[in-house]
Amino acid sequence: MDTIAERGLDGLTMAGLGRQVGMSSGHLLYYFRTKDELLLRTLEWSEGRLGAERSALLSGPGTARERLDGYVDVYVPDGPRDPHWTLWLEVWNRSQNADDDARARQAAIEGAWHRDLVAIIAEGVSRGEFRSVDPDRYAHRMRALLDGFSVHVAVGIPGTGRTQVLGHVQEFIAETLIP
């Protein structure tokens, strides 16, 4: 993950990665077949870690708003070249030419984020913490907002650092979700 974040997938060779991790390039190709498969498997591994964080967040104590704030905190990159987000940018860049299996795996990852957000919003609506909104529709809008801002943070667009983005998202939530 760190190597992909540092060099991008185009700057990565299986031979170079093999040297870095103490394996032959043939061994890596045996397990991953292609750099695209290596990228997707690395993203799945990274998402597994974040999925565990989201799961703990959803099952933990607190209000729906606190869980929503935690979700946003996990979602938004730490800063430019955030390794997790660099993986996403690389995967999205290759999505147009991906096969059906790769697309389905990517959709599964995105679906998990979406379902968790829908659950948080539905909980807040049912408890009266949030306005009466369609949780699925709101989650689509919220994730589009988070994705757009997160890309800006990950690529280092001036004026869109993590702190500014979190402020914009909190403002959006206050204006659209809080009664």
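These legends walk through close-up views of a predicted model. Local features need pLDDT of at least 70 and side-chain atom pairs count only at pLDDT 80 or more, while totals for chains, interfaces and linings use all residues. Residues are numbered from 1 along each chain as its sequence is written, and side-chain values use heavy atoms, leaving out hydrogens and water.

View 1. A salt bridge here is a side-chain nitrogen of Lys or Arg within 4 Å of a carboxyl oxygen of Asp or Glu, and the structure holds eleven of them. Helices are DSSP runs (H or I, at least four residues), numbered from the N terminus, and strands are runs of E with at least two. Arginine 65 counts as partly exposed because its relative accessibility is 23%, and aspartate 69 gets that label at 28%. The cut-offs: buried is under 20% relative accessible area, exposed is over 50%, and partly exposed is in between (1.4 Å probe, protein chains only).

View 2. Look for aspartate 101 and arginine 105, whose side chains meet at 3.3 Å, N to O. Aspartate 101 is partly exposed at 44%, whereas arginine 105 is buried at 16%. Glutamate 110 pairs up with arginine 143, with 2.7 Å between the closest N and O atoms. Glutamate 110 and arginine 143 are both buried. There's a network too: salt bridges with shared partners join Arg67, Glu123, Arg127 and Glu129.

**View 3. Aromatic rings pair up, as tyrosine 71 and tyrosine 75 show.** Rings of Phe, Tyr and Trp (its six-membered ring) pair if their centres lie within 6.5 Å; planes under 30 degrees apart are stacked, over 60 edge-to-face, and the rest tilted. That rule gives seven aromatic pairs. Tyrosine 71 and tyrosine 75 have ring centres 5.8 Å apart and planes at 35°, so they make a tilted pair. Both are buried, and both lie in H5, four residues apart. Tyrosine 138 and phenylalanine 172 are stacked instead, at 5.8 Å centre to centre with 25° between the planes. That pair links distant parts of the chain, with tyrosine 138 in H8 and phenylalanine 172 in helix H9 (residues 162-176), 34 residues apart.

**View 4. A ring cluster takes in Trp113, and arginine 54 lies over the face of that ring.** The cluster's ring pairs link Tyr71, Tyr75, Trp85, Trp88, Trp92 and Trp113. Arginine 54 is 4.0 Å from the ring centre of tryptophan 113. A charge sits over a ring if NZ of Lys or CZ of Arg is within 6 Å of the ring centre and within 35 degrees of the ring normal.

**View 5. The largest nonpolar core has 34 residues.** Such a core is a set of buried Ala, Val, Leu, Ile, Met, Phe, Trp, Tyr and Cys residues joined through side-chain atoms within 4.5 Å. Leu68, Met142, Leu146, Val169 and Ile173 touch the most other members. H8 gives the largest share, seven residues. Leucine 68 touches residues including Leu117, Phe130 and Met142, leaving aside those up to four places away in sequence; contact means heavy atoms within 4.5 Å.
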